[in-house]
Amino acid sequence: MTPHHLHALAAAWSLQAARQTLADLARDEAAQIAAEHLEAPSVLRSPVYGSRHASGGHSDPTPRMIALADRPERRNRWAEMRERLDGKLDWLADTLRLPYGLDDGIDRIIECTPAVSPGTAAALGRHLADEERWVRDAIRQPRPTAPLVGVPCPHCGERQLVVQTAGPVDAWTVVCATGRHCTGAGCRCGMPGAVEGVAHIWPRHVVLSPAAQTLTRGRP
């Protein structure tokens with residue numbers, strides 16, 4: 001796969017993880033909204049309804065009930081965000097004419113991305129990166145990553161590699177924290193299908209292979 005495919009898949013796996021976080025937040029929010037709806041009936045069932053306190057106060061819950069009744073129903077914004085995201089992913093999969101067979105747009109995208117053309121993968125990656133940025137800003141979570149300790153970058157030789165850990169292990173990719181871009185054919189990054197101007201990215205197993213590390217160590 002080309003770097004375009006790897007970037008698109010990395011964004012897709014990360015977006016899938018963020019989508020699950022949205023689902024968890026939406027479920028928690030729904031539970032809170034349901035609890036608020038039960039609040040008014042609990043007031044009606046109060047055994048002290050209509051009693052008068054020694055201080056002269058009254059436990060009549062009517063004003064509180066009126067306030068609860070007038071309160072606008074809370075929107076489950078996480079559920080709305082999840083619904084919007086699913087609609088965008090379905091639209092994206094349909095627009096790119098990705099085959100059906102899976103229910104969710106993100107699953108169709110992950111399944112079909114390796115087979116699309118490099119140009120389609122590049123366009124898909126841009127759309128997914130925009131959606132991922134929007135969702136992750138909302139949930140305040142960066143893309144899941146971990147440093148790859150002790151392994152030099154196949155391109156620059158610096159030990160600043162980062163593993164993008166969303167998705168299954170065999171889908172993890174590696175990028176360099178320097179953010180340097182590929183120079184295309186002849187670039188010493190060693191990636192098949194190297195694309196000029198695209199940030200370096202490798203499958204994790206490629207960077208960890210003995211051949212890749214031997215080549216890096218032998219670099220002047």
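Mentor: Start with Thr173, which lies in strand β3, residues 173-176. Keep in mind that this is a predicted model. Thr173 has 4% relative accessibility, so this residue counts as buried. What does Thr173 touch, beyond its neighbours within four places in sequence? Its contacts there are Leu6, Ala10, Val162, Val163, Gln164, Ile201, Trp202, Pro203 and Arg204.

Now the cysteines. Cys176 is buried as well, with a relative accessible area of 10%. Its sulfur has a cysteine sulfur 3.8 Å away as the closest, in Cys156. That is too far for a bond, because a disulfide needs the two sulfur atoms within 2.5 Å. Cys156 is buried too, at 17% relative accessible area. The count of disulfides in the model is zero. Cys156 is accordingly in no disulfide, and its nearest cysteine sulfur, in Cys153, is 3.7 Å away.

Next, helix α4, residues 77-95. At 1.5 Å a residue, its 19 residues should span 27 Å. The C-alpha atoms at its ends are 27 Å apart, so expectation and model agree. Which residues of α4 are buried? They are Met81, Leu85, Leu89, Leu92 and Ala93. Viewed down the helix axis, the buried residues of α4 fall within an arc of 105°, so they line one face. Their cover includes α1 (3-37), α5 (105-112) and α6 (118-139). After α4 comes Arg97, with a positive phi near 55°.

Note on methods. Residues are numbered from 1 along each chain as its sequence is written. This is a predicted model: local features need pLDDT of at least 70, side-chain atom pairs count only at pLDDT 80 or more; totals for chains, interfaces and linings use all residues. Side-chain values use heavy atoms; hydrogens and water are left out. Helices (H or I, at least four residues) and strands (E, at least two) are DSSP runs, numbered from the N terminus. The expected span of a helix is 1.5 Å times one less than its number of residues. Buried means under 20% relative accessible area, exposed over 50%, partly exposed in between (1.4 Å probe, protein chains only). The arc is that of the directions from the helix axis to the C-beta atoms. Contact means heavy atoms within 4.5 Å.
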